[in-house]
There are 2 protein chains.
Amino acid sequence: MAYNDDKINMVHGAGGEVMQGMISDIILNNVSKTSVNGGIGLEALDDSATIPIDDEHVIVTTIDSHTVQPLFFPGGDIGRISAAGTLNDISVMGVKPLSLNNAMVISEGFERSDLEKIVKSMDETCQEVGAAIITGDTKVIDSDKLDGMIIATAGIGVGKKENIVSDAGLKVGNKVIITGSVGDHGMAIMSKREGFGYETELKSDVAPVWGMVEAAQKVGTITAMKDPTRGGIANALNEMANKANVGMRLDEERIPIKPEVEAVSDMLGIDPFEVANEGKIVMGVEAENAEDVLQAIQKTKYGKDAQIIGEVTDKKHVIMETIIGGERLIEPPIADPVPRVC
Amino acid sequence: MAYNDDKINMVHGAGGEVMQGMISDIILNNVSKTSVNGGIGLEALDDSATIPIDDEHVIVTTIDSHTVQPLFFPGGDIGRISAAGTLNDISVMGVKPLSLNNAMVISEGFERSDLEKIVKSMDETCQEVGAAIITGDTKVIDSDKLDGMIIATAGIGVGKKENIVSDAGLKVGNKVIITGSVGDHGMAIMSKREGFGYETELKSDVAPVWGMVEAAQKVGTITAMKDPTRGGIANALNEMANKANVGMRLDEERIPIKPEVEAVSDMLGIDPFEVANEGKIVMGVEAENAEDVLQAIQKTKYGKDAQIIGEVTDKKHVIMETIIGGERLIEPPIADPVPRVC
């Protein structure tokens with residue numbers, strides 16, 4: 001491993017393969033108990049973990065630290081992303097999120113009014129899915145020790161075992177659905193930082209995805225789901241394929257992408273498939289009701305641009321048929337091209 | 001409120017009254033749903049929240065960010081404190097902790113070997129109570145944006161409703177137990193920072209307290225518990241008394257304190273009652289079996305210095321009879337005298 005040296009570097013923290021190497025090496029090698037009651041645990045590297053509590057029910061739980069810069073960006077802020085990020089990691093397990101735990105570390109001198117906006121924004125995001133903020137912690141540290149603020153959120157959902165969807169359940173022949181346009185969040189952050197002036201058109205997609213999961217579950221069978229944040233859909237698609245030991249064949253023409261995202265991607269030379277989304281789901285669904293699932297998702301608030309983008313194959317790669325008639329191998333990014341994106 | 005200005009300052013993040021003012025003002029005023037299914041929620045400001053899942057059982061959950069400096073200190077490190085802090089917040093609700101969620105934000109250039117030590121230390125602490133680390137998140141940010149590392153841990157326990165102990169249940173006539181010597185953690189951190197050379201004697205007490213709770217529950221009735229971290233026992237005792245609308249009468253002679261803690265306290269002019277403990281419990285117990293509870297705790301690994309330090313009264317203050325025969329009013333600290341202590 002090229003980056004496996006004595007010091008942690010930025011590549012270690014990104015959404016790509018190198019980070020997964022570090023997680024495996026340091027954390028998994030040093031944790032002796034990684035799951036409870038046979039639930040989904042640390043080594044699964046899924047969006048959330050599960051704790052079975054009786055024959056029928058499981059607790060679903062997750063945690064994320066949010067370090068996004070700038071704290072306020074087109075389409076959202078660190079409060080909205082801290083709530084949505086964790087609510088979405090629960091949602092893509094197939095279970096409704098009930099609650100958030102909120103731990104904020106704030107640098108001294110932080111504007112009180114900004115903190116109020118951020119908390120309001122967290123709350124509004126929770127309200128969209130009916131989740132509560134039930135416990136928290138606040139620490140203030142010197143402004144030369146921390147830039148701005150970091151918010152860690154954990155979350156809990158409780159659901160039936162039979163509804164749990166891991167990210168490893170794809171089967172050959174499944175259709176692959178993406179619930180909307182790709183790359184919006186990462187490119188909105190980059191555009192804001194670079195001052196391209198696209199802010200009016202280019203907005204982060206940060207939003208809670210539970211409504212789409214609920215709609216999809218009513219009409220079809222979801223075999224696998226993932227929240228394509230860091231590393232973008234390139235990372236999510238490959239992780240899902242690898243875990244299920246399958247491949248995918250995708251149709252570029254059907255992958256929704258906004259013209260302004262494409263424009264900024266071209267300017268920066270960054271692949272929009274490799275940057276974070278914060279309000280999308282990559283979903284594997286059984287072919288026979290894929291159209292029903294698609295239509296159900298398209299009727300929801302955040303799902304109108306959803307598309308069936310391809311299907312699961314028995315080959316071992318994620319291949320995309322390009323618009324000009326060629327083929328492109330979609331690989332997981334080595335590093336996230338956009339640091340502090342979420 | 002003297003500190004209620006436009007910018008967040010260090011006093012806001014401390015363990016004292018001003019922080020609680022800020023929490024009430026900004027967070028509680030802006031969160032619309034603060035509990036689930038009638039459980040203990042955000043406004044209770046208890047060590048953990050609860051989610052009732054059926055007539056008999058509840059989920060207990062909490063979160064804390066850990067910003068302690070230095071990362072390695074006499075008696076522990078940020079890994080041990082991140083695990084113990086959250087395991088203890090679950091434990092003092094009367095329920096065995098099952099699992100941790102671990103979110104680490106690491107500054108670029110961090111030593112890989114230090115990260116390994118920290119993860120090992122978290123794991124060893126979890127092993128003491130049989131808890132698993134089931135999910136996590138890692139982010140790396142520029143070293144000029146974050147000093148060292150921050151670890152946020154959330155935790156989950158599942159227990160019977162009848163075993164849940166809040167921090168608000170004290171009744172007049174209850175005995176007050178402290179499970180060991182006070183101020184060890186805060187003073188060990190200060191001593192290390194100041195280079196007093198007390199490191200060989202003066203060690204943090206950071207440890208999981210579950211064993212003491214379990215032992216106590218077997219022989220007696222605990223009416224209220226609290227983890228006296230930031231703000232020390234002065235804060236915990238006052239918070240418990242205020243919430244139950246009672247007072248306390250304590251006996252200074254019975255409050256365990258190590259000579260080396262007293263020495264450093266005197267040198268720095270810091271009250272050891274106002275600094276953090278990381279392996280202690282303040283407990284209210286019914287008088288008739290208080291001696292049994294005390295003895296049970298004294299037989300556990302971390303409880304041998306436990307003492308009954310006084311009793312609950314119908315007066316509205318926490319009063320301590322001093323060794324020299326006077327009386328001292330114990331008030332909650334306005335600010336934590338030791339920043340970045342946990």
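A residue counts as buried here when its relative accessible area is under 20%. By that cut-off, buried residues make up 62% of the 342 residues in chain A. Please keep in mind as you read on that this is a predicted model.

**Overall build**

- Chain A contains 9 helices and 14 strands.
- The radius of gyration of chain A is 19 Å, close to the 20 Å that the globule rule gives for 342 residues, so the chain is as compact as a globular protein of that length.

**Contacts and surface**

- Among the contacts in chain A with a separation of 6 or more, 81% come from residues 24 or more positions apart.
- Chain A has an accessible surface of about 11,900 Å², and carbon and sulfur atoms account for 46% of it.

**A helix pair to look at: α6 and α9**

- In chain A, helix α6 (residues 210-219) packs with helix α9 (residues 290-298) at an angle of about 150 degrees, and their axes are 8 Å apart.
- The crossing of α6(A) past α9(A) is right-handed.
- On the α6(A) side, the contact is made by A:Met212, A:Ala215, A:Ala216 and A:Val219.
- From α9(A), the partners are A:Asp292, A:Val293, A:Ala296 and A:Ile297.
- Sorted by class, this contact between α6(A) and α9(A) has 7 nonpolar residues, no polar ones and 1 charged residue.

Conventions:
Residues are numbered from 1 along each chain as its sequence is written. Chains are lettered from A and ligands numbered from 1 in the order in which they are written. This is a predicted model: local features need pLDDT of at least 70, side-chain atom pairs count only at pLDDT 80 or more; totals for chains, interfaces and linings use all residues. Side-chain values use heavy atoms; hydrogens and water are left out. Axes are lines fitted to C-alpha atoms, for helices over the stretch in contact, and angles run from 0 to 180 degrees between N-to-C directions. Helices (H or I, at least four residues) and strands (E, at least two) are DSSP runs, numbered from the N terminus. A crossing is left-handed if the near helix is turned anticlockwise from the far one by less than a right angle, and right-handed if clockwise. Contact means heavy atoms within 4.5 Å. Ala, Val, Leu, Ile, Met, Phe, Trp, Tyr, Cys and Pro count as nonpolar, Asp, Glu, Lys and Arg as charged, and the others, Gly among them, as polar. The radius of gyration is taken over C-alpha atoms; the globule rule is 2.2 Å times the number of residues to the power 0.38. Buried means under 20% relative accessible area, exposed over 50%, partly exposed in between (1.4 Å probe, protein chains only). Accessible areas come from the Shrake-Rupley method with a 1.4 Å probe; for residues, only the protein chains shown count as cover.
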